[in-house]
Amino acid sequence: MKLLFDENLASDLVRTLADLYPGSTHVKNIGMMESDDAKIWAYACDQGFVIVSKDSDFQQRSLVLGAPPKVVWLRVGNCSTSEIEKLLRDHSVELHTFESDQLTSLLVLS
């Protein structure tokens with residue numbers, strides 16, 4: 001499972017979560033910082049990524065367009081990178097199940 005972390009999340013998550021989500025990247029690593037959501041969406045779709053964001057824009061896009069790509073919406077407010085890492089670690093089974101579920105396009109974690 002490859003995650004594409006949105007700009008509102010720390011790029012360090014790619015490294016700290018590599019054991020659970022190999023092949024993941026951050027929009028900064030692919031030159032897409034400050035890109036509009038449509039470009040990030042298209043990239044994730046073309047490259048087989050699941051978008052992870054704290055931004056409700058991707059949640060709304062997911063509800064309108066469905067998958068691919070799938071979206072993980074983190075509804076956690078202002079918190080540390082280590083708290084985000086813990087959340088994604090604690091829900092890794094749920095995330096991997098979500099990826100293979102053909103009927104679900106959005107996973108909300110809080």
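Here is a quick tour of this protein chain, from its overall build down to a few single residues.

You're looking at a predicted model, where local features need pLDDT of at least 70 and side-chain atom pairs count only at pLDDT 80 or more, while totals for chains, interfaces and linings use all residues. Residues are numbered from 1 along each chain as its sequence is written, and side-chain values use heavy atoms, leaving out hydrogens and water.

**Overall build**

- The protein chain has 5 helices and 5 strands; these are DSSP runs numbered from the N terminus (helices are H or I, at least four residues; strands are E, at least two).
- Start at the N terminus and the elements run β-α-β-α-β-α-β-α-α-β.
- A compact globule of 110 residues would have a radius of gyration near 13 Å, and this chain's 12 Å agrees with that. (That radius is taken over C-alpha atoms, and the globule rule is 2.2 Å times the number of residues to the power 0.38.)
- Along its principal axes, the C-alpha trace spans about 30 × 30 × 25 Å.
- Of the 110 residues, 43% count as buried, meaning under 20% relative accessible area; exposed is over 50% and partly exposed is in between (1.4 Å probe, protein chains only).
- Take contacts (heavy atoms within 4.5 Å) between residues at least 6 apart in sequence: 51% of them join residues at least 24 apart.

**Inside the fold**

- The largest nonpolar core has 19 residues, and F5, V72, L74, L88, L95 and L109 have the most contacts inside it. Such a core is a set of buried Ala, Val, Leu, Ile, Met, Phe, Trp, Tyr and Cys residues joined through side-chain atoms within 4.5 Å.
- Two or more residues of this core come from each of β1 (3–5), α1 (12–16), β3 (50–53), β4 (71–74), α4 (81–90), α5 (92–100) and β5 (106–109).
- Helix α4 gives the largest share of this core, 3 residues.
- Apart from this core lies another one of 12 residues, including L4, V71, W73 and L106.

- A67 and P68 are joined by a cis peptide bond, with omega about 0°.
- The peptide bond from P68 to P69 is cis too, with omega near -10°.
- You'll find P68 in the loop between α3 (56–65) and β4, and P69 lies in the loop between α3 and β4 as well.
- E34 isn't a glycine, yet it has a positive phi of about 65°.
- E34 lies in the loop between β2 (25–26) and α2 (37–47), and it is exposed, with a relative accessible area of 72%.

- S62 is found in helix α3 and is buried, because its relative accessible area is 1%.
- Skipping neighbours within four places in sequence, S62 is in contact with W41, V71, S105 and L106.
- K2 is placed in the segment before β1 and counts as partly exposed, at 27% relative accessibility.
- K2 touches P22, G23, S24, Q47, G48, F49 and V50, not counting residues up to four places away in sequence.
- K2 and D46 are 44 residues apart in sequence, and 12 Å apart in space from C-alpha to C-alpha.
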